Amino acid sequence: MSESDWPASLSDSELEELDQFLRAHPGEDHLLLDGVHGLLTALAIGPSPATPDEWLPEVLHEPFADVDEGERILTLLARLNDSVTLEIETGAYEPILGEIETDDGSTAFTSRGWCEGFSRGIDLRAAAWEARLGQDSDLMQFLGPIIALSIEDEVFDSDAEFAALSDEEYDECLARIPESIDAVSTYWRDNPVSEDEYVRHGDDDRRPRPPRRRGGRWVH
């Protein structure tokens, strides 16, 4: 099957297959499916594209069992990456979210894993993001719902004090993720990083990461 013959999105069974593979290879700070989706989303909407050589080390941390497994998993990841881009371009983006058990025994969506992956995607282009966020409040505003969720879910620590989100506010932020993704994608398309910004801020986009925690089960 050629790349042009790939279905636009992974089926539920293919998402489950990829999820099970990621869960079978646990480790400290490893991303699950929701996190991988967040990572690929940040790279798709960010200041410059990233090659698989850059983002695959964030996802895969040990050798495959055999060639067949490697080809299968790499194909699923490539298609997931393509589907993220297509959904953003067509205005059909929806995040893959986790699901956690609440105190009363019911389940609720959580953005923790997705936000962890999204933050790692920003890390891969840290210099460009930090330079622009420091001078353009519009970009910070567009990221507002994602930032609020990241703080609430303790994906990263903040020196400032923020009031905890109510359940209704949390759900509202979740619902606004697609809107936020569209706005940030449009922002970088209309305001590309200049060569001067790369020179002034350096082209090494790797930065030490703040402490992060994540958990939950993916649900599409």
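Where is glutamate 154 found? Glutamate 154 sits in the loop between α8 (144-152) and α9, helices being DSSP runs of H or I with at least four residues and strands runs of E with at least two, numbered from the N terminus. Its phi is near 60°, a positive value in a residue other than glycine. Glutamate 154 is also partly exposed, at 36% relative accessible area (buried is under 20%, exposed over 50%, partly exposed in between, with a 1.4 Å probe and protein chains only).

This is a predicted model, where local features need pLDDT of at least 70 and side-chain atom pairs count only at pLDDT 80 or more, while totals for chains, interfaces and linings use all residues. Residues are numbered from 1 along each chain as its sequence is written, and side-chain values use heavy atoms, with hydrogens and water left out.

Overall, the protein has 11 helices and 3 strands, running α-α-α-α-β-β-α-α-α-α-α-α-α-β from the N terminus on. Of its 220 residues, 43% are buried.

On to the hairpin. Strands β1 (residues 97-101) and β2 (residues 107-110) pair in the antiparallel sense over 4 bridges; pairing requires at least two bridges found by DSSP. Glycine 98 stands opposite threonine 110 in β2. The hairpin has 5 residues between the strands, and glycine 105 takes a positive phi near 90°.

As for helix α9, it covers residues 167-175 and includes glutamate 172. This glutamate 172 is partly exposed, with a relative accessible area of 46%.
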